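This note is meant for a colleague meeting the structure for the first time. Please read the numbered points with the sequence and the model side by side.

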Amino acid sequence: MIKRRKVISFGSAFTIIAAAIYYLVQGNISPVSGVGKDEVVVVSVLDGDTIRVRYESNIESVRLIGIDAPEKDQDKWGKISRDRLYSLAAPGSVIILEFDVTKRDKYNRLLGYIFTKDGQFINEVMLKEGLAMLYTFPPNVKYVERLRAAQNYARVNHLGIWGEDGLSMSPQDFRRLKKK
């Protein structure tokens, strides 16, 4: 009898673990506890690192985690960056929005990683093409190594803002100087 209970307990534990792994891989949850992925419709693209989406019956701004794109009026790169994000997440398109640990920033914008329906990681594309800089805020660092590798690729290959005619200052410095 005692051995049988252990087998049933082990079997139950195994089933629970197998189900959890299945849902992590196939389901609508992320390995970060309490974090989900949602299909959302893009409403507009504000700049190279911010979009607006329809989320839970509301129109919400989403700040892309891990990147900082040139500002709209920052040389030609603000427009180039925005236009590229627009081509990846055009208004009306359905994208996958994935959250990390912190869901909103101090401006009440959603913070997210965004993916096309076919799995293209848009935050990463923006860095890899040299249209944004790595910009991290712990604890939202789930994909930081992947994003760092994408930026390194752009820098080594002198792409976009890392090229000969690149940015003269980071978007963060540009915003700081503009406030003065």
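Among contacts in the protein between residues at least 6 apart in sequence, what percentage join residues at least 24 apart?

1. The share is 62%. It should be kept in mind that the model is predicted.

2. On confidence, the mean pLDDT of the protein is 86, and 81% of its residues reach 70 or more. Two stretches call for caution. Over residues 4-8 the pLDDT stays under 50, and the model has zero contacts there beyond four places in sequence. The pLDDT is also below 50 over residues 13-35, although this stretch has 20 contacts in the model beyond near neighbours in sequence.

3. As to the overall layout, the protein contains five helices and seven strands. Read along the sequence, these elements follow the pattern α-β-β-β-β-α-β-β-α-β-α-α. Of the 180 residues in the protein, 41% are buried.

4. Strand β5 (94-98) deserves attention for its pairing on either hand. With β1 (37-47), β5 pairs in the antiparallel sense over five bridges; within that pairing, V40 has I95 in β5 as its bridge partner. β5 also runs antiparallel to β6, to which four bridges join it, and I96 has F115 in β6 as its bridge partner. β5 is mostly covered, since four of its five residues are buried.

5. The largest nonpolar core comprises 39 residues, and those touching the most other members are I51, L85, I95, L97, I114, I122 and M126. At least two residues of this core come from each of β1, β2 (50-55), β3 (58-64), α2, β5, β6 (110-116), α3 (122-128) and α4 (144-156). The element that gives the most is β6, with five residues.

6. I122, one of the core residues named above, may be examined individually. Not counting residues up to four places away in sequence, I122 touches L64, L85, L88, A89, I114, F115 and T116.

7. Is S81 buried or exposed? S81 lies in helix α2 (residues 77-88). The residue counts as buried because its relative accessible area is 0%, under the 20% limit. Leaving aside neighbours within four places in sequence, S81 is in contact with G48, A69, P70, M126 and L131. Of these, M126 is also listed among the core residues that touch the most other members.

8. The largest pocket has a volume of about 720 Å³. It is lined by 30 residues, of which R63, Y107, R109, Y135 and F137 are the closest to its centre. Elements giving two or more residues to the lining are β3, β4 (66-68) and α5 (171-179). The largest share, five residues, comes from α5.

9. F137, one of the residues closest to the centre of that pocket, is placed in the loop between β7 (133-135) and α4. F137 is classed as exposed because its relative accessible area is 51%, over the 50% limit. F137 and G66 are 71 residues apart in sequence, but their C-alpha atoms are 7.5 Å apart in space.

How values were computed:
Residues numbered from 1 in each chain as written. Predicted model: local features only at pLDDT ≥ 70, side-chain atom pairs only at ≥ 80, totals over all residues. Heavy atoms only, no water. Buried < 20%, exposed > 50% of the residue type's maximum accessible area, 1.4 Å probe, protein only. Contact = heavy atoms within 4.5 Å. Core = buried A, V, L, I, M, F, W, Y, C linked by side-chain atoms within 4.5 Å. pLDDT = per-residue confidence, 0-100. Pairing = 2+ DSSP bridges. 1 Å grid on protein atoms, 1.4 Å probe; cavity = no way out; pocket = protein on both sides within 12 Å on 5 of 7 lines; lining within 4 Å. Points joined across faces, edges and corners; volume = space filled by probe spheres on them.
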